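Work through the exercises below with the sequence and the coordinates open. Each task is followed by a solution in steps.

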Amino acid sequence: KTDDWHFRLYFSEKAKTVIANLFIQNGINQKNEFIVGFAPGGSTENRWWPAECFAKLAEHLAEKYKARIFLLGVGKDEKPINEILRLVKPEIRCVNLLNQPLDEFKAFVAHTDLVVGNDSGPMVTADAFDVANIVLVGPTNPCEYHRLPGPLNRVVVAGDRIMASISLQNVITEVDSVLGVLQKSSSIDKM
């Protein structure tokens, strides 16, 4: 028996190899580069933080931390992903992983340093793999499905339950705080 109550997920060796090859194809040294996943979609549009905010956050992460940004989602998440790709500065390269097979998606999330996204499945996946994360919550209950906020996992809640009211600056503050903890605990200076 264990006191560890938290949800766990697994992935295959094949998926792990696919993700290692994905990093190689994109010129990423996983040990030395900061890898961030964005989950900009969700079950309904009222649960989506604006794409322009994700685009600005991508620019902040790339410019300040030299982060490599990956966009995660399935199906109708194509809409916010395409909008982010349209809005982000051309020099900020974002990799689109829309409709990635589930096993590969889990392997990818497990190999990221941070996931930022709306209250949706990818955030639960980040929790399951103990990946640092920032969950953006509007019309849903912030206590459902996620760990309590801590040094490496934060929940940013729209007080009025409207996602657009979550300020970019508030999210940047939370991200910078989590990254400060990651930098201190990392033996490799990724950032």
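This is a predicted model: local features need pLDDT of at least 70, side-chain atom pairs count only at pLDDT 80 or more; totals for chains, interfaces and linings use all residues.

**Exercise 1. Describe how helix α1 packs against helix α4.**

Two packed helices are described by the angle between their axes and the distance between the axes.

Step 1. Take the axes. Helix α1 covers residues 13–25 and helix α4 covers residues 102–110; their axes come within 8 Å and cross at roughly 60°. The crossing of α1 and α4 is right-handed.

Step 2. List the residues in contact. From α1 these are Ala15, Lys16, Val18, Ile19, Leu22 and Phe23, and they meet Asp103, Glu104, Ala107 and Phe108 of α4.

Step 3. Sort them by class. The contact of α1 with α4 holds seven nonpolar and three charged residues, and no polar ones.

**Exercise 2. Find which residues of α1 are buried, and show how they are arranged around the helix axis.**

Step 1. Check the helix itself. With 13 residues, α1 reaches 18 Å from its first C-alpha to its last, close to the 18 Å expected at 1.5 Å a residue.

Step 2. Apply the cut-off for burial, under 20% relative accessible area. Ala15, Ile19, Leu22 and Phe23 of α1 are buried.

Step 3. Look down the axis. The buried residues of α1 fall within an arc of 95°, so they line one face of the helix. On the other side of α1, Glu13, Lys14, Ile24 and Gln25 are exposed.

Step 4. Identify the cover. The buried residues of α1 are covered by elements including β1 (35–39), β2 (68–73), β3 (94–98) and α4.

**Exercise 3. Characterise the glycine that follows α1.**

Step 1. Locate the residue. Gly27 follows α1 and has a positive phi, near 65°. Gly27 lies in the loop between α1 and β1.

Step 2. Judge its exposure. Gly27 has a relative accessible area of 52% and is exposed, because the cut-off for exposed is over 50%.

Step 3. List its contacts. Leaving aside neighbours within four places in sequence, Gly27 is in contact with Glu33 and Arg68.

**Exercise 4. Describe the crossing of α2 with α6, then examine Glu59.**

Step 1. Helix α2 (residues 51–65) and helix α6 (residues 168–185) have axes that come within 10 Å and cross at roughly 35°. The crossing is right-handed.

Step 2. On the α2 side, Cys53, Lys56, Leu57, His60, Leu61, Lys64 and Tyr65 meet Leu168, Val171, Ile172, Val175, Asp176 and Leu179 of α6. By class, the contact of α2 with α6 has nine nonpolar residues, one polar and three charged.

Step 3. Glu59 is also found in α2. At a relative accessible area of 5%, Glu59 is buried. Apart from residues up to four places away in sequence, Glu59 touches Leu87, Val88, Lys89 and Ile92.

Notes: Residues are numbered from 1 along each chain as its sequence is written. Side-chain values use heavy atoms; hydrogens and water are left out. Axes are lines fitted to C-alpha atoms, for helices over the stretch in contact, and angles run from 0 to 180 degrees between N-to-C directions. Helices (H or I, at least four residues) and strands (E, at least two) are DSSP runs, numbered from the N terminus. A crossing is left-handed if the near helix is turned anticlockwise from the far one by less than a right angle, and right-handed if clockwise. Contact means heavy atoms within 4.5 Å. Ala, Val, Leu, Ile, Met, Phe, Trp, Tyr, Cys and Pro count as nonpolar, Asp, Glu, Lys and Arg as charged, and the others, Gly among them, as polar. The expected span of a helix is 1.5 Å times one less than its number of residues. Buried means under 20% relative accessible area, exposed over 50%, partly exposed in between (1.4 Å probe, protein chains only). The arc is that of the directions from the helix axis to the C-beta atoms.
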